Protein chains: 2
Amino acid sequence: MPPTVDVHTHMYPPALMSVLRARKAVPYVRLFPDDVASGDRLVILPAEETGSTTARGRPIGPEYYEVSEKIKFMDAHGIDISVVSIANPWLDWVDPSEAAAMARIVNDDVERMCREHHGRLYHFGTLPLSAAVEDVVEEVRRLKTLSYCRGIVMGTSGRGEGLDDPRLDPIWEAIEQQQLLVFLHPHYGLPSEVFGPRTGDYGHVLPLAMGFPLETTIAVTRMILSGIFDRFVDLNVLLAHSGGTLPFLAGRIESCIAHDAHLKKEGKIEGRRSVWEVLKKNIYLDAVVYADVGLKAAIDASGADRIMFGTDHPFFPPLDEKEDKWLSVTSNMSAIKAALKNDQATEQDILGSNAVRVLRLNS
Amino acid sequence: MPPTVDVHTHMYPPALMSVLRARKAVPYVRLFPDDVASGDRLVILPAEETGSTTARGRPIGPEYYEVSEKIKFMDAHGIDISVVSIANPWLDWVDPSEAAAMARIVNDDVERMCREHHGRLYHFGTLPLSAAVEDVVEEVRRLKTLSYCRGIVMGTSGRGEGLDDPRLDPIWEAIEQQQLLVFLHPHYGLPSEVFGPRTGDYGHVLPLAMGFPLETTIAVTRMILSGIFDRFVDLNVLLAHSGGTLPFLAGRIESCIAHDAHLKKEGKIEGRRSVWEVLKKNIYLDAVVYADVGLKAAIDASGADRIMFGTDHPFFPPLDEKEDKWLSVTSNMSAIKAALKNDQATEQDILGSNAVRVLRLNS
């Protein structure tokens, strides 16, 4: 049996945790004086500091930073290999003067964890995106020299101006040259007014279920529209949450492009690579979509050889702490089985073989 | 051969056009003094008044208001029956004191057009949502008495507070009792800052391809989360653009609900009807998704007996005016063929038989 590989699984490594614990502003780990009993809470967005006590940040336990907890989780769910990535908001918030050094420290700490669990763990490194471009490029090249690093995790902000910012071109070029996979992951969501009145009645459902996927979809569509995949034809991107909503909306995006008078006038309709071409040549999708309907669309859009299993651990823990297996994991596993019926070979591809091949996990 | 039916096709009937031409604020039809040559332009959102001349509103020709143009378009594309609906923003903007009367005038005008083209045209009526609730309910009942009316077109604003506003309950109750289908259509999109810098470089692609679908997805998810489909189990809603992104995101929405501590504490997780149940019992989806990938997801989510062909005419005209057939229409037709391979019976269901059955177009 080929291994089961989790390509979407997060950690805040100890080196980063110390920084987050020492900080006095978002993002940080803190106690709330009026609710000390709930313990340390991780706050990663300004809006999470307000509101009712349960809505303020989230409890942060060892599953966020202890590598032994990651291994325990993997064993409980039959996961052989995890490709861990730092969770949002990565180093997007770091002062430019400190970013390059902090990226090295944090990436080395993750690399150490992988070495200590040789064969079980690989990782996606993190870039000091606020630093000078040449420092970012240098960290790209350095990451390639780390034995367990297979790519780079990145949010949608880039250098604060989105991923279609032309100032990122030297960084894309370096990533393409080093053959590192970019794992594109949402963090910023959508402004809360988008979800309308009474949003609070629905817990975190609307921003989590809709804000995150749309953030990813907008970011990758901007990359496509700005021609990044025309300039860097070998750049490879793994999209979180099965592409946000890209597989479903790709037809509408192509139709909107084909009908846009402005783009036509600018000569931008002909000659570009289509969303479909990019989906099949530059994009990989994780299988974190929780149902066969979405997963089948992801497979249809990119091809079953480009889909890779993931869990989003340690997020989405079971509400009933006594559960052995996490519903968020088993529903993603069931979705693969349901989507593929009895095609066990393709099931194994998605569960692990694709990741082994794409990320060279046997080298 | 069963008829081909277009369930997503818009008009601004002459009675409404006179109002829009006479108005001095959005929404309205106007000339721009610095660009008189471009003729009458329809402006339906405040943001459309600013920016470059080509971005200001859109040219409005007879295809928006002349019924003969609708028939000509239908003939050119082999469409036997159209179920027309007023285009956005409907009567959402009307002063409460005038709304009820205006709804009657406008709905009667559309009914007249259908009568004059007996057998070719049916319609979805429009409600005076800003009027007193009892006046809205009265218009629901009156619409049911119109020979060619089969449902109600509606935006996501409701009475200004979204469709999960409890003040809408008497209206949903009346619609359910009268067995009218609600055609839920986006208009308001998302705030432009959501799309980030350089959005203008991409024409209207981002707001049209992403803002509209997400608006619909949020609106219907709020309806589900607020329990509307638990209170009105026979309420039926047709979602524009194949549900926005609902088929793709339904798994994630269900997972977010199942993992939400707030909803659990409030006792809102157990006992509710799931998104999947609602998709298969209360929701119909049009087939306006422009690719087989999205259409297959729509079919997987709701069932092939709940999908109905549409065009979105007169929007998305070909950029090259000499085209006989509109790409926006042929791509939706090709998507049906591609999604169903050689299953001609199901193809005919989606192209027309479902609409005939659901909307009683043979009675």
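Where is the place of Pro314(B) in chain B? Pro314(B) is found in the loop between strand S11 (307-308) and helix H12 (327-340) of chain B. The model described in this report is predicted.

## Cis peptide bonds in chain B

The peptide bond joining His313(B) to Pro314(B) is cis, and its omega is about 5 degrees. As stated above, Pro314(B) belongs to the loop between S11 and H12 of chain B.

Another cis peptide bond links Val26(B) with Pro27(B), where omega is about 0 degrees. Pro27(B) is placed in the loop between helix H1 (14-22) and strand S2 (28-30) of chain B.

## The loop between S11 and H12 of chain A

In chain A, the loop between S11 and H12 contains Phe316(A). This residue is not a glycine, yet its phi is positive, at about 55 degrees. Phe316(A) has a relative accessibility of 10% and therefore counts as buried, the limit being under 20%.

Glu323(A) also has its place in the loop between strand S11 (307-308) and helix H12 (327-340) of chain A. With a relative accessible area of 44%, Glu323(A) is partly exposed. Together with Asp320(A), Glu321(A) and Asp324(A), Glu323(A) forms a negative surface patch.

## Positive phi in Gln179(B)

Gln179(B) is a residue other than glycine with a positive phi, near 55 degrees. Its place is the loop between helix H5 (169-177) and strand S8 (181-184) of chain B. Is Gln179(B) buried or exposed? The relative accessible area of Gln179(B) is 58%, so the residue is exposed, the cut-off being over 50%.

## Helix H11 of chain A

Helix H11 of chain A comprises residues 292-302 and is mostly covered, with 8 of its 11 residues buried. The buried residues in H11(A) are Val293(A), Gly294(A), Leu295(A), Ala297(A), Ala298(A), Ile299(A), Ala301(A) and Ser302(A). After H11(A) comes Gly303(A), which has a positive phi near 105 degrees.

Which side chain meets Asp300(A) in a salt bridge? The partner is Lys296(B), with an N to O distance of 3.3 Å. This pair crosses between chains, from helix H11 (residues 292-302) of chain B, where Lys296(B) lies, to helix H11 of chain A, where Asp300(A) lies. Lys296(B) is partly exposed at a relative accessible area of 22%, and Asp300(A) is partly exposed at 29%.

## Salt bridges within chain A

How many salt bridges does the structure hold over all chains? The total over all chains is 34. One of them joins Arg120(A) and Asp75(A), whose closest N and O atoms are 2.8 Å apart. The pair links distant parts of the chain, as the two residues are 45 residues apart. Arg120(A) is in the loop between helix H3 (96-116) and strand S6 (121-126) of chain A, while Asp75(A) is in helix H2 (residues 67-76) of chain A. Both partners are partly exposed: Arg120(A) has a relative accessible area of 24%, and Asp75(A) has one of 48%.

Asp165(A) and Arg167(A) also meet through their side chains in a salt bridge, at 2.9 Å from N to O. Asp165(A) is buried, having a relative accessible area of 4%, whereas Arg167(A) counts as partly exposed at 41% relative accessibility.

Thr346(B) is part of helix H13 (residues 344-358) of chain B. Why does Thr346(B) count as buried? Its relative accessibility is 15%, and buried means under 20%, so Thr346(B) falls within that class. When residues up to four places away in sequence are not counted, Thr346(B) touches Ala304(B) and Leu340(B).

Conventions:
Residues are numbered from 1 along each chain as its sequence is written. Chains are lettered from A and ligands numbered from 1 in the order in which they are written. This is a predicted model: local features need pLDDT of at least 70, side-chain atom pairs count only at pLDDT 80 or more; totals for chains, interfaces and linings use all residues. Side-chain values use heavy atoms; hydrogens and water are left out. Patches are made of residues with over 30% relative accessible area and no salt bridge: like charges are joined within 9 Å, nonpolar side chains (Val, Leu, Ile, Met, Phe, Trp, Tyr) within 5 Å. Accessible areas come from the Shrake-Rupley method with a 1.4 Å probe; for residues, only the protein chains shown count as cover. A salt bridge is a side-chain nitrogen of Lys or Arg within 4 Å of a carboxyl oxygen of Asp or Glu. Lys and Arg count as positive and Asp and Glu as negative; His and the chain ends are not counted. The place of a charge is taken as NZ of Lys, CZ of Arg, CG of Asp or CD of Glu. Helices (H or I, at least four residues) and strands (E, at least two) are DSSP runs, numbered from the N terminus. Buried means under 20% relative accessible area, exposed over 50%, partly exposed in between (1.4 Å probe, protein chains only). Contact means heavy atoms within 4.5 Å.
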